[in-house]
Amino acid sequence: MIKLHDGGVFLVGGQQIVSDKDGSFQNAGFSKEEASKGTIAYGILSEHNTSGSMDKLRIRFDKLTSHDITYVGIIQTARASGLEKFPVPYVLTNCHNSLCAVGGTINEDDHMFGLTCARKYGGIYVPPHQAVIHQFAREMLAGGGKMILGSDSHTRYGALGTMAMGEGGPELVKQLLGRTYDIDRPGVVAVYLTGEPRCGVGPQDVALAIIGAVFESGYVKNKVMEFVGPGVASLSADFRIGVDVMTTETTCLSSIWQTDETIREFYAVHGRENDYKELAPKEVVYYDGMIEVDLSDIEPMIAMPFHPSNTYTIDEVNSNLEDILRDVEAKAAVSLDNAVPYKLTDKIRDGRFYVEQGIVAGCAGGGFENICAVSDILDGKNIGAGEFTLSVYPASMPIYMELIRNGCAARLLETGAVLKTAFCGPCFGAGDTPANNAFSIRHSTRNFPNREGSKLQSGQISSVALMDARSIAATAANKGYLTSATKQIEKDTLRKYRYSFDSTIYANRVFDSKGIADPSQEIHFGPNIKDWPVMKPLPENLLLKVVSEIHDPVTTTDELIPSGETSSYRSNPLGLAEYALSRKDPQYVGRAKEVKAAEDARAAGQDPCDVLAEIRPVMDAVRSKYPDADGNNTGIGSTIFAVKPGDGSAREQAASCQKVLGGWANIANEYATKRYRSNLINWGMLPFIIDKGDLPFANLDYLFVPKIRDAVEKKLSDIEAYVVRNGGLEKFTLHMAELTDDEREIIEKGCLINYYAS
């Protein structure tokens, strides 16, 4: 079904795959270095690179996108750094805090902030319920050979020939202020498609099969996935889009696909045929790896809790219910730290697996073809009057309008399903929260712990599995009993629907400044919208208290700062920080605040030991070896250790909340994604690495890092540090991977805002 090549490959004529293992192809006169320039990705990156070197890229993007969880903080940061006008088209969508149901007026205040900023700085504002961020980008922004940067991790438009990346807000701030996105040239891995999907197999099935094959090994981590091969032509544009958006869950940097007449037609239907560009790899091209996917072998898939890579075929689950469900329960005990009882085996009814909820939604599930397929599979059936519910969220109002016109909406409503407006809530825990202990199957992007609304501290738990819309519909047709679509439908069940895009609703409701700024426009500030607090520059030495220690194999950004109801406070840095690690380590915030109070006292010229007495013996031990260390040159802060933090969302608040609570560093064996490491750096936090093995420190230990500012300035990769223990210092080594000169200065200044202010 899926084959991963061990090492690089040459692709010749789009068909012949030649391994680079023995070097024979290079010996025959084909240069790996020259052939690597033949990827689609290389061509697009080179057109957007301003550095003059393809090894060290400095990228300027064509367009920017943000939604209402992130754009307030981004614009506030840019305003504090001198923003006068959006230099490129910047789209502010409102698809996350759309409900305006939590926290009084604050969500709608954010929306009014966005609208007035779009007017003032020359942007585009998409009101709530009109479109999820990525569907609007597909319909109105994408273009062949273009690059888009978004502050949502699922910013992926590769199927349309657009290289898109999801990053933390500070990277968008840099673009707004005329700076660049600076990275080393990424590797490129081919996804070579052959065959065509069977009836009942959808894009989520293909995506989950790929994620399950590559995630654990990091095969595509921080690389570009380039989709090529004869199988591409067998896929509709909607199908390609559905696979493409899920590439984020592989931890790749970006994605790009070869384009053809199918994609030209997509642009033509959307009134933008001139934005189409034919893209294909050159005759001989070298890839750093290859994933071969025979689409005809893909079966309906399910990603069990609590990660998109925890994949099985649906038939495999149904054939081995007891064993698989007990294995998921055991894994959940680790993910949930045994905080609540969690069982799935009690959902076995008469030998079948019963689920309580189905959802088709968002940037992955809410596409036109997916929802039409659900309607067809359920035609003449109903979901019953039991526990099982089904909610469907079209990804945009134009899709919704077409479903009404072609009758699919009416057929869905007849089944007992509920049609809702464009909203990302079910994807991050702010909509359709299941009952306690309920199990939800969703065609959405993630199934991390808590994203379905669980509150472990209150004893509430439910869980999500990811599936394709077709198998969700098949399950719904069987009143909630898990069913593979290929077992439910006949070949002629799924009709062919022609899509007609009607942009009237956008013309009537979307504010588009056409790039013209209005400096006289006053910005609407609600009482919850707060400026960033003042952040200090990096001191000469650092005394760090370890205030949380996490040994899960992977720590998601949702665990660092929970999603869901906390999203209402994302315009209030200090208010949101109260939720940091709240579901993973409820003691973190209190511990971090204690350390921050000591640092605040030091910065005010007071004795920090008077605020936090435990520091006195620690500093006595430090001065036994470093007698010059004192309140003038030694900052006091907190740090956390996690094995592999930062998987998942691009949201910067996973780092900024730690910073405003006095965090100065993270220590990890590795960082799950580039974007989380970038967020740490942009908030002035040191992204330390420590070798795998026994940790030299434990939670609540103090660490002393002498001459850390000097180490950053001198570009040291190995950094001397000490555990302060029993009145003495125990030496160990921290590491720091390469930083750009700008990144070093950002850390030295204390954060990106300070960097621009200087």
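1. Helix axes are lines fitted to C-alpha atoms, for helices over the stretch in contact, and the angles between them run from 0 to 180 degrees between N-to-C directions. In this predicted model, the axes of α14 and α15 come within 10 Å and cross at roughly 35°. The crossing in which α14 passes α15 is right-handed. On the α14 side, Phe368, Ile371 and Cys372 take part, and they meet Ile399, Glu402 and Leu403 of α15. By residue class, this contact of α14 with α15 comprises five nonpolar residues, no polar residue and one charged residue.

2. Helix α15 spans residues 397-405 and is largely enclosed by the rest of the structure, because seven of its nine residues are buried. The buried positions are Met397, Pro398, Ile399, Tyr400, Met401, Glu402 and Leu403. Their packing partners are the helices α6 (133-140), α14 (368-378), α16 (408-414) and α20 (504-509), together with strand β22 (418-419). After α15 comes Gly407, with a positive phi near 90°.

3. Aromatic pairs deserve a separate comment. A search of the whole structure finds 22 of them. In one, Phe368 and Tyr499 are tilted, with 4.8 Å centre to centre and 50° between the planes. This pair links distant parts of the chain, since Phe368 belongs to helix α14 while Tyr499 sits in the loop between α19 (485-488) and α20, 131 residues apart. Phe368 and Tyr499 are both buried. Phe368 is also among the α14 residues that meet α15.

4. Tyr626 and Tyr722 form an edge-to-face pair, at 5.9 Å centre to centre and with 65° between the planes. Tyr626 lies in the loop between α24 (615-625) and β28 (634-642), and Tyr722 in strand β33 (residues 718-725), so the pair ties together parts that are 96 residues apart in sequence. Both of these tyrosines, Tyr626 and Tyr722, are buried. Elsewhere, ring pairs join Phe86, Tyr90 and Tyr121 into a cluster.

5. Asp558 is located in helix α21 (residues 557-560). Its relative accessible area is 0%, so Asp558 counts as buried. Leaving aside residues up to four places away in sequence, Asp558 touches Phe448, Arg451, Ser563 and Arg651.

6. Most residues other than glycine have a negative phi, and most peptide bonds are trans. The peptide bond from Pro305 to Phe306, however, is cis, with omega near 5°. Phe306 is part of the loop between β16 (301-303) and β17 (311-313).

7. Two residues other than glycine have a positive phi: Asn222, near 60°, and Asp350, about 50°. Asn222 lies in the loop between α8 (203-214) and β12 (224-228), and is partly exposed at 30% relative accessible area. Asp350 is in the loop between β18 (348-349) and β19 (352-353). With a relative accessible area of 79%, Asp350 is exposed.

8. How many disulfides does the model contain? The count comes to zero, a disulfide being a pair of cysteine sulfur atoms within 2.5 Å. Cys199 is in none, and the nearest cysteine sulfur, that of Cys372, is 14 Å away. Cys199 is partly exposed, with a relative accessible area of 30%, whereas Cys609 counts as buried at 9% relative accessibility.

Definitions and conventions:
Residues are numbered from 1 along each chain as its sequence is written. This is a predicted model: local features need pLDDT of at least 70, side-chain atom pairs count only at pLDDT 80 or more; totals for chains, interfaces and linings use all residues. Side-chain values use heavy atoms; hydrogens and water are left out. Buried means under 20% relative accessible area, exposed over 50%, partly exposed in between (1.4 Å probe, protein chains only). Helices (H or I, at least four residues) and strands (E, at least two) are DSSP runs, numbered from the N terminus. Contact means heavy atoms within 4.5 Å. A crossing is left-handed if the near helix is turned anticlockwise from the far one by less than a right angle, and right-handed if clockwise. Ala, Val, Leu, Ile, Met, Phe, Trp, Tyr, Cys and Pro count as nonpolar, Asp, Glu, Lys and Arg as charged, and the others, Gly among them, as polar. Rings of Phe, Tyr and Trp (its six-membered ring) pair if their centres lie within 6.5 Å; planes under 30 degrees apart count as stacked, over 60 as edge-to-face and the rest as tilted.
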